[in-house]
Amino acid sequence: RNLSTCKEATPLPSSTIIEPRSSIAMVRFVLFAVALSQGVLAELPRECTTSDCFGPADGGNVLLQRENRKLVAKEKVASLALSSGKGSTRDPVAASAGSDDFTPEGAATLFFTVLGFLLVASLIQQRRYINVSDDVQEESTERSKRMAKQNMNLALAMEKDSNAEVFRRENIMLAVRAGCALVLAGSISFVHPLEQWFSSMSYDVTYVGVLVLWTMGRSIGETVSGLWDAVIGTVVAFLWIWVLEGVSPNGIHTGDPSEKWMFGVAYLVFTTFIMMFGTWRNGMRVWCLSYHMGNMMTWLTPTERGVDDGYSHHFQIKFDGAAFGYVIVTLFAAVVTILALSLPTPRMAHRIALRDMSNSVNSFDSLFRCLVKLYSGHTNSADSDLQRCKIFEHNMEGDLAGLQTQIDASWWEHFDMGQFADIRKALSKNAIVQQGLMEISCSMLECLSSLPTTDDTTKLRSQIEPSMDYLVESTLTLYKTCYKAMENGAVDEQEANEMTEKIGVVEDDIDKLSKSFRTAAAELAGQGFCKQQEMFRSDWEMVFLLCSLSRMIADTAKDMAARNPRTSVSAVQALFSFNIFRGVTDQDHLEFACRNSLSLAACWVIGYNGVFGLLAPHTAGIATNASLLMSTAVGSALKKNMGRVQGLVLGTTVGTLMYGAVISQGCQEAMYFFLGYGLTFVLGTASFFLFVSCKENSFIFYLFGGFAAQRLLSPCTSEITETDLAGFFKNILCAIICVSILATVDLAMTPSAGKLAQQKAVGLARSISHCITLIMKDMQPPQASYGKVALRSEINDVAAKAIEGAAEPRLMSQPFNGGLYSLVVDKTRRILIQILTYRWAIRHSASSTLDDAPTSRKKGDSTIFPIFEACKVMPSLHESIAQMLDTFVCNIESQACANSAMDSARANLDMIPCYPKVREQIEQLRLEIGPKVDAQHSEMKPLDKDVSASIHVMFTVFETYVNLLDELEVETAVAS
């Protein structure tokens, strides 16, 4: 009734979090649909007419018939509710008659029709809500932003509590949706007419629960991306067996020549090679091979002639065949999962990205104000406030990764159609800028950590505080304007003019702060580079960073005000750009393909031949499980495979126990449906909540939920026989054998996580050393291997491998030194920030290190290096710094590769102390370069564009390099 007015109606502000009333409504709807389909429709006569069912008084009145049907439905539901236990069972004959009257075909038609209507409703909801803002957290972040002007501690604490509360509520909401999706998917097992239809079509429904739980993400976009992998993988598996059955129908027969068997094996090897070594998305590979292994096992199992294997033959499509059934079941699971995330309120990546970006902007507002207050001295406990700011900034960086994930996933919701392409590109640009702002904030935090406080510095900061406050307000106002203009994707002329005006205000405030700072520094320290370096070196850097941050936001606003057209990626372009041979020669991909191909081959061979009479020959379960467990992650083989064992075996066992409880009361009892749907909802909700809430063991709960659902949603049998019990044992045995093979191959072919951590740490030290050496001599853009992205990736690799190495058993060597790697990761992250600060100084642009910065911005000021090279001490300083960096690399290598504490101690004894010499030469350079800088009579520029300010910052960076490397050598010696 409301579809015609949905465009005119003004939707109320809503959120992606289901309110309790909506959750109850969803549960009631599912329960009523179950009761209706099983208790009412199953017993209404198929040939029912008005005169037969409701009496001649109805006279063909459609409305009266509808009311009478409602009355009958109520009576049927009430009669179901009155039945309890075995003593009140329905007459089996009557039940059978009812099922016969309501045919499986009619049940399937009704069921899929309802799904179709719900799918249309979900698409309508997505279109209605895609532009509706989600303000769940905006109110709290607005409060924290206001609080930051008064009390930074309360502001940061409020932000932290708000983020934690939203995370918890969202996880509960997602878990409830997962439970409802699994209940709806379970209808094809629990509703007998539907189960009979799927069985008559030879459709295997055991994977439907796995598909629902393993493809469901935190948003519709993430889910559609996973479902695309599942659908494409299933279709490719169907095509593989369709081609083979077209050439040689019905597989191997008893008495066939061995050449036919060899042909089948060669085809299996060829198709598996394509899937393993092609650069498919891993989800496509997993779903394709999980079906393909079973199909090929069936084809290669010898049968008697005349036996139909149930597949499509002679290049025709058998719509009631098993292979085609997998495609249908996958599409059904896709529809169910999309419905769960779309109704009643769609959980869309586009909306989440807009909300998270708004929260990120507000969080940065709070952080920026807190940093300026810390510098101005408006705090009672500077050290504790500084630590809070560091933690808050670190959490914001983590949130940015999740934000980019949702931005990328939003493409799967709108496919860059219309204005959404501009919105997605603007969101991506804002995320890049936000990352750059976090890097400048890190540099400011590092500067604040060593900020001296004297009478002179206090006077300096009090004099420039009004100018700083004006700059902070104008900068944040411009940043908010940029975000508001980004929400609808396009910057109109009015918004561009408003941005241009506010850009001028920010640039004027930068000039005013620069002049104010120079005047105050000259009054307190006197004219001259050396005097101001000695007294205000940290203040020069802090104000430089403040101006650089404001300039980055102004540069972003200029790019937006230019209104340059953005490129979009349509669905057709994405489809035609897909190439499974791109990146085939990548070393990591080849290692993954070789390792998993060997594991899959071993599982298939063992399953084909059987296992000591415990498993019969031609068992596909081992290879199928291996396909589902394929992972691109490389790390601790023991930890990864122990997680596989826990998830797979516990999931199979718990699912089997639940299945036994469900069928214990019989397949026609009310308790069967109550337990079936109830346990299905509990399983889906609990496993998915643990999966999205736990970072450490999420992989285990991911596997647990899928394999438990696979067992729970099996078709009902009247009782569990010895054959069924043997089948349960077979499933667990297949799982254990599969994981044992995977673990053996991983341990044999994958280096230990400890060795990988050593290699990564040494490689990181060498990269840092080369990068510092190059940027001290070369003004040109850095090589890709020494850029920000490459260095950050190396640091993250060391951190990840250290976590894996700590979980790995050490049989013949000392325990893994996790403390050493924590120090390396922490110090190198801080060194990377100093490298970026150095680049900002020599390029006069913090925007030059953004991920999408053009090459023209990455060239340094050619007037800076000649001033340094004119100093006599510079060659010896270069040599001393090179020696210091060599010592750094040798220290990391010796500490990481030491087999004992004695080896580590001996390595420290061999180290030549070089840090005092470097500090002495830096001081000589400062005294020598001072007169040369003072002799430069260039025009006064803003501090972020000024040569003298850049040289001030470069000296601070030199000293920070030395201090960090010196601290690292001392602390690693203690840690070893």
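The model is predicted, so local features need pLDDT of at least 70 and side-chain atom pairs pLDDT 80 or more, while totals for chains, interfaces and linings use all residues. Residues are numbered from 1 along each chain as its sequence is written, and side-chain values use heavy atoms, without hydrogens and water.

Helices here are DSSP runs of H or I, at least four residues, numbered from the N terminus.

Start with H32 (residues 874–897) and H35 (residues 947–975), whose axes come within 11 Å and cross at roughly 25°. Axes are lines fitted to C-alpha atoms over the stretch in contact, with angles from 0 to 180 degrees between N-to-C directions. The two helices are therefore roughly parallel (angles under 35 degrees). Contact means heavy atoms within 4.5 Å; among the residues making it are Phe888 of H32 and Leu965 of H35.

Next, H12 (residues 282–300). Why call H12 largely enclosed by the rest of the structure? Because 16 of its 19 residues are buried, meaning under 20% relative accessible area with a 1.4 Å probe, protein chains only.

Now the backbone. Most residues other than glycine have a negative phi, and most peptide bonds are trans. His314, in the loop between H12 and H13, has a positive phi near 55°. His844 also has a positive phi, about 55°, in the loop between H30 and H31. Which is buried and which exposed? His314 is exposed at 56%, the cut-off being over 50%, whereas His844 is buried at 10%.

Last, a cis peptide bond joins Leu343 and Pro344, with omega about -5°. Pro344 lies in the loop between H13 and H14.

Definitions and conventions
Parallel < 35°, antiparallel > 145°, perpendicular 65-115°, else oblique.
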